[in-house]
Amino acid sequence: MSDERATAQGGMDTSFGFKSVGSGEKQGMVDAVFHQVARRYDIMNDVMSAGMHRVWKDAMVTALNPPRHAGFKVLDVAGGTGDIAFRIVDASHRQAHATVLDINGSMLGVGQERAEKRNLSENVDFVEANAEDLPFGDAEFDAYTIAFGIRNVPDIAKALGEAHRVLKRGGRLLVLEFSEVQMPILDKVYDAWSFNGIPALGKAIAGDGEPYRYLVESIRKFPRQADFARMIEQAGFDRVRWTDYSGGIAALHSGWKL
């Protein structure tokens, strides 16, 4: 068991939080977590970010700036509940079309129900598939987004390669993920909250703190901002940048397929 962060060379594929697991074991374990928390996913994010995930997601969509004309196609990966896709469609004045892809059917079920309630079924479709093996042709999408999901993908490099493949020339990748806090004192406060407060609240809200403990540990295993930027570049993206949010609690990485 190690709490050291993975690097650009890898390490996330054989870690389930701080636990080392065998090759090929992680995906099933992650699936079990999200089947368990699907109905409480937004509450979970509120707990883990003190509600700030909503602000960060809005900032992500603002950075994407989807055009307000028909024909813009975005693939939102690991976004089963539709949270990002709905924001993008609304920002485009319901002109964009979003495909939500998730490996977890329980999460997708929540998203489909919400899309119907919002009358967005014509603007959003849902696909159950693996981020490491996307069921789409080359150069199909104008943008690829993933929010708080990339750290749960076992082979991140493979997923980034797939993102590059399905994007059109000139397409953009946006990845929002919890990251390494860059501010002294805040990092210690956040660590104390993460490892003590979040699992306790998770147990109080959902009756089980273990899924939350995994999610906290997975954040600490995820590569630092510069290392993850290097992984994006290795996948073929250009003009890779990142913006820290809330002192680095989260970071938005951006890259272009040029």
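Analyst: N123 counts as buried because its relative accessibility is 13%, where buried means under 20% relative accessible area, exposed over 50% and partly exposed in between, with a 1.4 Å probe and protein chains only. The model is predicted: local features need pLDDT of at least 70, side-chain atom pairs count only at pLDDT 80 or more, and totals for chains, interfaces and linings use all residues. Residues are numbered from 1 along each chain as its sequence is written, and side-chain values use heavy atoms, leaving out hydrogens and water.

N123 sits in the loop that joins α5 (105-117) to β5 (124-128); helices (H or I, at least four residues) and strands (E, at least two) are DSSP runs numbered from the N terminus. Leaving aside residues up to four places away in sequence, N123 touches V89, R94, A96, H97 and A98, contact being heavy atoms within 4.5 Å.

A98 stands in β4, opposite V74. Strands β3 (residues 73-77) and β4 (residues 97-102) pair in the parallel sense over five bridges; pairing requires that DSSP finds at least two bridges between two strands. The open sheet has seven strands in the order β5-β4-β3-β6-β7-β9-β8, with mixed pairing. Because β5 and β8 (238-245) stand at the edges with a single partner strand each, one side of each lacks a neighbour in the sheet.

Helix α5 lies across β4 and β5 and runs at about 170 degrees to β5; axes are lines fitted to C-alpha atoms, for helices over the stretch in contact, and angles run from 0 to 180 degrees between N-to-C directions.
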